[in-house]
Amino acid sequence: MKILLERQSHKPIYLQIRDRISHLIKSGALKSGDRLPSIRSLAESLQVNKLTIIEAYNVLEADGIVSARQGSGYFVSRVSPRSTNLESKFAPAQNVIITKPGKCSFYEMYTPLVQAQTQPGIINFGYGYPRPPKDINLIARRALKQDDTDIFFPHEMPQGQLTLCRQIAQMLVQQGLEVFPEDLIITNGSQQGLSLAMNYYVQPGDWVIVEAPTYYGAISILENLGAKIIGIPMTAEGMNLDLLEQYLHSHRPKLIYTISTFHNPTGLTTTQAHRQQLLALAEKYECPILEDNAYEGINFDTVPAPIKALDKNNLVTYLSTFSKTLMPGLRVGYMVVTGKHYQAIIERKLLHDLHTSSISQTIVSEYLASGHYRRHLSRLRTDNLQSRNTMLQALERYFPEEIRWTVPTGGLFLWVQLPDNIPIGAIRNEAFAQNVYLACGSAFFPDKQGYPAMRLTFCMPPEEIEQGISIVGRLLKKYISKGCVDTEGLVVKHRIFKSLELERSSSYLNTV
C-alpha cells in the first residue's frame, strides 16, 4: 500500500493516512474483506509511530469503512455503513440581543444537569462531559507513588507546576499555538479562567460582546459583574462579522468573548479566514478577545490554529481545560496570557485560591508524560465520532422535517434549531417525565431572549441516543401537528416538571 505523506502539512499525519486509505476503499483499489497492513508493518513503511497508525485505523473504524477482528487485524468492511447526512441546514435569524445589567442564576441552570446525571435511568442530553478514561486509577496511583512525597506538602506557585506548564506548552505547539511555559496559568477548570479574565477586563456598566447563543456560564459571570451584553447572532460560519463591526463601532465594548473551536452550544468551528477577520476587527477597535476553546483536542478532522496563534499584539487571552477531555473532577484548566496582562491575572488568581490542587496537577502531568493522554484522546475521538453519527442518523429518522441542526466536526454537542411556534418548555417537561433530560436553548442566550432550540450531547452510548431521540422526535411531531401553543397545558406541565425535579433533587440530596 503506497501512502504519500506531506510531513510539513498542518493536517495531522493520522488524518492523512485515514484519507488515503479511505480513498483507496472508495475507488475500489481496496475491496470488501481485504485485510489492511498490520499496525507494525505500516508504521515501519511510513516511518511513523505505531500510535499514529492506531489513531488512523480507529477513525476509519468510526467512519464505518473498516472493522477490527480480534487477533487478526483490520479489514475493509463487507457491509456499507449506514449513510450519515453531514449537511447542516443551520440558518437562524440574525437578531442582535442587547441586555441591561442584571443577574441570572448559574446555580439554577447548572445543578439540575448534575443532579439528573446521578439519577438511574435518565438519558441526559444536557450533560456535556466525556466518558471517563479507563486507566484513571492506574495513572493516579503511579502519579502519587513518587519518591518525593514532600512535593504535595508545600504551597505551589499560583501559576502552576512548571513541569505541567512545559507539557501543556508542547501540546499547544501541536495545535498551532506556539507559547512559552511562562505564558501559562494553571486554573481550577476553565470556569475559573473565565472568571479571572472577565473580572480583569470588565467593569460594571461596560459593554461586552458574546456570540448568541453561547456558554451560559460565561453569561452568568458577565451578568453578575454588572456588564451590559451584546449578543451577536451566529451564522453557519460563526459570529456575524458584519454585525460585530457595527457594534464595535457604535458601543466600543471592553471585551469580545468567543468560542472558536467546537462552539458551545452549537458545535460550530470557525474557518481560518473568519478568525483572521475577527482578530483584525478587534485590533481596529482595540478590543481584547477572550478565546474559550474548552473542547479543542476532541476533533474528528483537522481544525485551524486558535485565534491566539495569530495574535501579535497581546490582544487575545486563550483558555482551555482537561475537564472535557479527561474528567471534570480533576478541575485542571489553563490560560495563555501574554504581555502586561499576565502579572495582573496572576495576582487575581492568588487571591482566589493560592494555587490549583497539587494532586490534580500531578495526575494530569503523568497522563501527558506517559503517552496515555494521547491514546485516551484517540479513543475519545473514535467513540465520539461514532456517537455523533448515531445521533445524526437518529435525528434524520425521528425528527420532523421542519427541524434543523448543526453537524459538528468534534466536541461533545450539536445544536437543534426549532420552529418559532414550538412550545419547548412543554416538550422538555414531557420528555423529562419519560426520563429524557433536555437542555433548552434559552439558557444559552443573553437574558434568555433567543429562538427555540435545544443543545444535545452525543457523548453517550448509541442505544441511549437512539431511545432518547425517538422520544423527543415523537413529542416534536405531536406539537408541530397541533400547530399552536397550549399555554394552559404548559403551566400545568411546568408544575409537574418542577415537582419531579424537586422530588429527584430531594432524593439526590438524601443520598450524599
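Guide: What follows begins with confidence, then turns to the cores, and ends with the sheet and the cysteines. This is a predicted model, and its chain averages a pLDDT of 86, with 90% of the residues scoring at least 70. Over residues 484-512, however, the pLDDT is below 50, although this stretch has 29 contacts in the model beyond near neighbours in sequence.

The largest nonpolar core has 58 residues, and those with the most contacts inside it are Ile21, Phe399, Met454 and Leu456. Helix H15, which spans residues 462-482, gives the most to this core, with 7 residues. A second, separate core holds 35 residues, among them Leu172, Val179, Tyr318 and Ile363. Returning to Ile21, and leaving aside neighbours within four places in sequence, one finds it in contact with Met1, Ile3, Leu30, Leu36, Leu42, Tyr57 and Leu60.

The sheet is open and has 4 strands in the order E13-E14-E17-E16, with antiparallel pairing. Strand E13 (404-405) and strand E16 (439-440) stand at the edges, and because each has a single partner strand, one side of each is left without a neighbour in the sheet. Strand E14 (residues 413-417) pairs with strand E17 (residues 453-457) in the antiparallel sense over 5 bridges, and Trp415 stands opposite Arg455 in E17.

As for the cysteines, Cys287 is buried, with a relative accessible area of 0%, and Cys440 is also buried, at 16%, because the cut-off for buried is under 20%. With sulfur atoms required to lie within 2.5 Å, the count comes to 0 disulfides.

Key. Residues numbered from 1 in each chain as written. Predicted model: local features only at pLDDT ≥ 70, side-chain atom pairs only at ≥ 80, totals over all residues. Heavy atoms only, no water. Buried < 20%, exposed > 50% of the residue type's maximum accessible area, 1.4 Å probe, protein only. Core = buried A, V, L, I, M, F, W, Y, C linked by side-chain atoms within 4.5 Å. Helix = DSSP H or I, 4+ residues; strand = E, 2+ residues; numbered from the N terminus. Contact = heavy atoms within 4.5 Å. pLDDT = per-residue confidence, 0-100. Pairing = 2+ DSSP bridges.
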